[in-house]
2 protein chains.
Amino acid sequence: MNEILEKIGTKAKSAETLMAAASSATKNGALKEIAAALLENSDDIISANGKDLENADKNGMTAAMKERLMLNSERIEGIAKAVGEITALPDPVGKVTGGGALPNGLKLTKITVPLGVIAIIYESRPNVTADAAALALKSGNAVILKGGQEAINSNIAIVNIIRAAIAKTGLPEDAVSLLEDCSRETAAELMKLNKYVDVLIPRGGAGLINAVVQNSTVPVIETGAGNCHVYVDESADIEMAADIVFNAKTSRPSVCNACETLLLHKGIAETALIRIKERLDEKNVEIRGDEAVCAVIPGCTPAVDDDFYTEYSDYIIAAKVVASPDEAIAHINKYSTKHSDAIVTEDYASAEKFAQGVDSAAVYINASTRFTDGGVFGFGAEIGISTQKLHARGPVGLPELVSYKYIIRGNGQVRL
Amino acid sequence: MNEILEKIGTKAKSAETLMAAASSATKNGALKEIAAALLENSDDIISANGKDLENADKNGMTAAMKERLMLNSERIEGIAKAVGEITALPDPVGKVTGGGALPNGLKLTKITVPLGVIAIIYESRPNVTADAAALALKSGNAVILKGGQEAINSNIAIVNIIRAAIAKTGLPEDAVSLLEDCSRETAAELMKLNKYVDVLIPRGGAGLINAVVQNSTVPVIETGAGNCHVYVDESADIEMAADIVFNAKTSRPSVCNACETLLLHKGIAETALIRIKERLDEKNVEIRGDEAVCAVIPGCTPAVDDDFYTEYSDYIIAAKVVASPDEAIAHINKYSTKHSDAIVTEDYASAEKFAQGVDSAAVYINASTRFTDGGVFGFGAEIGISTQKLHARGPVGLPELVSYKYIIRGNGQVRL
């Protein structure tokens, strides 16, 4: 086995027991310490980030990606504030969620416990480093972080500051560690580190998620892939539909809860399409339609089957006409990533059928798919949006970062 | 892809939507129909089972394994009764577990939904076929069953009866299907059937579990591997310790919650060992001890490191002397399968330290490890005991066979 992983795994595992036993007060103290240290040392972070930005220039990174990578005092203040806010969230560990006395006198307690060691593989902005560390710490887990090569200097600086802050509070600094080797080979080995890692959370695009699902032997919480739909039912209020589609597609096309495919009932398709196109034209959104859509929109790009599987993350939307809510539901269940899907309708039966039949983490009636977010749902911070059905679905926050165990107290009982 | 799997997967997936929408009354009706049909057709099952027993003879199966395979009227009555009893358990689907109004007026409902299509790979007795089908049906899931070649005729007979009974109630018969090809190659392909299978539950020994963990790309709930410990603390009541060790080791050595390793505090080891050995001798249990154990027990087999990793499932127990509760906890967390572990102690601090520190599904104070069981815990039937921390831990019953989704009702909300 890779020596670096062996070392980082052993250390994380050794931090696990102390972290699981840490009180809320201790953990919140560490979070406050981290928030303060990030502010105090923001010059170091900015200077490390400068190296990443230099490398980005050398490697010809796009302006949009550089914008995501860049850290300044204001952004570091935002990161520190987000860490501080996690102190206010309820501690998910040690919650008694069931139990009672059994007929033989045994006393059963079902109680939440940390998952243990979580590994997080991500590609995003360096703020994820601090967010993920803070959520793992508050939920009593040890965490191994693996960010992208493009942010490596920023991530090293942030993790060093976090580790020093944790050490001050008596908690083990190895509760948070960064895998500095960003190669694909090491990532692949991390996915098989069952000996030390209890759960792996990939956070990123379809390529990363797929690589993890194909290769990981460690249990996984998939997050991030969002091929979301808006279905405009025959009875829809057309202005509401146009508002919702416009918002779901264009308010932030790069995120996972943005809409990628528009479905329209044949009875309203023509009128609705004309109005929706007017709105989408404001942002120059390209429509890729099936035959029925192209018949209404002159010059529309014909959609191929692959378009309906694609998360464009861009000002592009696929569009298709369907004969019924049932066909819309079947289309979504076939093509979607089970993230967020919406119906626009004034019909009660269609609304209920859609809510029941669409097999996705979040199903909306007359609202934009863009609301799927731990903060918006009122859960506080999140580490990602799960698109799987095992363990956690939708926003993954503190309550999803724990497991449970049974403690059984007896006085000598044996099983007959 | 394997054509049989493609066909069975498509059919199971097509049954999913109807199953998810089925009311409790319909599902309970189907369970009653199944229970009655198993009784009515018990001759067919016994005759099919006869073929399996003939093959078992030809293949030189041990008497103990044949005893597990054998079905008679009495056993089929037991199977039918178990299916009938599942009607009395609460329906885990459609339970609202959270939600409320968001500041923007959206109404959020968190509601339990079936997992979808569950595949179960098992090696056990043919009663698992009916149990698993009944639990999957009650939880609104479609299920693909893959039993062992040794029980194939019995399993085909049972599944045909179940499918015919389901069809009578208006539910899709493809909600329950049996993979009749028992080859390892087909099992390996089933583990990668992400397109159709939402969750895979292996139920069997360490070999099967390990094959699934290494090969499955479908999310897994590991069940069944039990390397359980009893730790006799310095302050233990020696008679209680001897009773508990005797029960945990010998009441049913082949099951996953049987004890495999005995740990003893050095301050009580000698006296406790002498008394425990007297009890274990009643069943001719072989003790494999470390040096300190062998110093007390004449003729004791010396244990090697591998012994402490082994689930003997037999009248053999590993034994080791430790210096403290901390050493016992560290040993268990290193060697155990995180199933069930017990401390025998009269000391409050040791008891609490053990309950907190041992990272297992069930941690016992002064009771036998043999109690870990969905029925004993009061949860009704179970499909297995999970030894992983993701999704389900300990007994996996109906409440663990569901996921959840968020339904969000609005009146035109868009995200700013």
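**Exercise 1.** Does Tyr309(B) count as buried, partly exposed or exposed?

*Solution.* The model is predicted; local features require pLDDT of at least 70 and side-chain atom pairs pLDDT 80 or more, while totals for chains, interfaces and linings use all residues. Residues are numbered from 1 along each chain as its sequence is written, chains are lettered from A and ligands numbered from 1 in the order in which they are written, and side-chain values use heavy atoms, without hydrogens and water.

Step 1. Buried means under 20% relative accessible area, exposed over 50%, and partly exposed in between (1.4 Å probe, protein chains only).

Step 2. The relative accessibility of Tyr309(B) is 41%, so this residue counts as partly exposed.

Step 3. Its ring partner Tyr335(B) has 10% and therefore counts as buried.

**Exercise 2.** Classify the aromatic pair of Phe308(A) and Tyr335(A), then that of Tyr309(B) and Tyr335(B).

*Solution.* Step 1. Rings of Phe, Tyr and Trp (its six-membered ring) pair if their centres lie within 6.5 Å; planes under 30 degrees apart count as stacked, over 60 as edge-to-face and the rest as tilted. Over all chains, 14 aromatic pairs are found.

Step 1. Phe308(A) and Tyr335(A) have ring centres 6.0 Å apart and planes at 65 degrees, so their pair is edge-to-face. Phe308(A) lies in the loop between strand S10 (301–302) and strand S11 (316–322) of chain A, and Tyr335(A) in helix H13 (residues 325–335), so the pair ties together parts 27 residues apart in sequence. Helices (H or I, at least four residues) and strands (E, at least two) are DSSP runs, numbered from the N terminus. Both residues, Phe308(A) and Tyr335(A), are buried.

Step 2. Tyr309(B) and Tyr335(B) form a tilted pair, 4.5 Å centre to centre with 50 degrees between the planes. This pair links distant parts of chain B, 26 residues apart.

**Exercise 3.** Describe the surroundings of Gly148(B).

*Solution.* Step 1. Gly148(B) is placed in the loop between strand S4 (142–146) and helix H7 (152–168) of chain B.

Step 1. With a relative accessible area of 12%, Gly148(B) is buried.

Step 2. Leaving aside residues up to four places away in sequence, Gly148(B) touches Tyr122(B), Asn155(B) and Cys182(B); contact means heavy atoms within 4.5 Å.

**Exercise 4.** Determine how chain B is related to chain A.

*Solution.* Step 1. Copies are superposed by least squares on the C-alpha atoms of residues with pLDDT of at least 70 in both.
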